[in-house]
Amino acid sequence: MAERTDMREAALDTLIDMEKNGKLSHVAIGEALMRLQYAPKQDRAFFTRLCEGVMEKRIYLDYILDSYSKIKMKKCKPFIRNLLRLSAYQILCMNVRDAAACSEAVALAKKRGFRNLSGFVNGVLRTVARQKGNLPLPEREKDPLQWASVNYSMPVWLTELFIKQYGEEKAVQILDSFLQVRPVSIRTNCAKITPERLHELLKEEKVSVEPGKYFSYAFRIGDFNYLGKLSAFQKGYFSVQDESSMFPVEMAGIRPGQIILDVCAAPGGKTFHAADRTGEQGCVIARDLTEYKTEFIKENNDRIGYNQIEIQEWDATVFDESMEEKADVVLADLPCSGLGIMGRKNDIKYHVTKEQLSELQALQRKILSVVWKYVKPGGILVYSTCTLNRGENEENVRWIEENTPLRAVSLEESLPEALRGRTGEKGYLTLLPGVDDTDGFFVSKFVREK
């Protein structure tokens, strides 16, 4: 039990670190796991589950705790607030004995100088444990918006946005999917190895492997301890990439020998996918705004080893005269609100604001007003995002057609069989989590006519 107690305290400190310092969850958890790297695998898994679970279900947990606490969570001290969340998550969402969750919380409160509040902590948590079969949740019939917000732990304004844009039934499917565990999705680097051989090698390393849903070179893997220790990963035989983000290159129809410009490329998934298609006789220029981001692409390419990739630090809002009309394909996977990947990055929902949606749309249009000029006459621009917000997606398709010489073209011939018939002549596709078995993603395709 001593190890488990340590993991609870480590998780508590990490949650406080996120809240106090505004750290993204993957950063704070990653830093903590480095410190805990010599702890047993089971204990590190317990720590990660606690941190990610509390972040994922924070709104739900606060609603339950507020129902049984005289002091609302937002009024509690940060230590007590996160201790209650951590312990309530164990009681309501994990296979942890109620008595153990309560007693460990009381012990932590006393250990960290909150002996005077240990009775309060104990009382609230024991009430939660007693009432967990009859929790005071909102009723769907009376208030569907509040019901969805609490049940799926999503801010009210975002819940309302999904319902408004997709209807209640699809919105609930989307919100529910964000709470489900998703497997690690990978793409075969086909210039290095065949999908069949990669499958064999992964099985030899005792990794569970399932085929992707849409592409023969995609797999879903599990039952491994640390990705970096897999020989197939070290040799650059695959890249970690959700199947949804494989669509831009697949839709672009890239051919050997072409010049490709990836304008916002980090961490490089689409860059490497494009390099697979161009062959060494082609050229893929991968750009991003900062040295930090370009170094990330370089580190990944050091592992994979493509010679046809040029990595450049460049602000996509600034026109580069030397690239005018030079690219056969421009990949414009632009900064967005990330509303499609909240199942993997569960703190996005706590950081994004309504105002940012408008600011991001303006930034996207500023970039698009520059990068279309790099497309050769007859060339292709693929605009994509990992958001589900139509203001950043469909509305930008209309803006591109109204403000550039680009024309949206149908995706139908390039789509996997399972998705055909959904787009017609629209020139864009939205993949919905919970519906399409991928992250949320938007992809559109344009041709430059002059």
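Helices and strands here are DSSP runs, numbered from the N terminus, and those labels will be handy as we walk through this predicted model.

Let's start with a pocket. Rolling a probe the size of a water molecule over the atoms shows where empty space is left. The second largest pocket holds about 210 Å³ of space. Who lines it? Y166, K170, R390, E394, R422, T423, K426, Y428, L429, T430, L432 and V435 do. Two elements, α9 (156–177) and β11 (428–431), each give two or more residues to that lining. Strand β11 provides the largest share, with 3 residues. Sorted by class, the lining has 5 nonpolar, 5 charged and 2 polar residues.

Now hop over to helix α5, which runs through residues 78–93.

You'll find Q364 in helix α16, which covers residues 354–371. Is Q364 buried or exposed? Buried means under 20% relative accessible area, and Q364 counts as buried because its relative accessibility is 0%. So what does Q364 touch? Leaving aside neighbours within four places in sequence, Q364 is in contact with L334, P335, C336, Y383, E392 and N396.

Technical notes: Residues numbered from 1 in each chain as written. Predicted model: local features only at pLDDT ≥ 70, side-chain atom pairs only at ≥ 80, totals over all residues. Heavy atoms only, no water. Helix = DSSP H or I, 4+ residues; strand = E, 2+ residues; numbered from the N terminus. Expected span 1.5 Å × (residues − 1). 1 Å grid on protein atoms, 1.4 Å probe; cavity = no way out; pocket = protein on both sides within 12 Å on 5 of 7 lines; lining within 4 Å. Points joined across faces, edges and corners; volume = space filled by probe spheres on them. Nonpolar A, V, L, I, M, F, W, Y, C, P; charged D, E, K, R; others polar. Buried < 20%, exposed > 50% of the residue type's maximum accessible area, 1.4 Å probe, protein only. Contact = heavy atoms within 4.5 Å.
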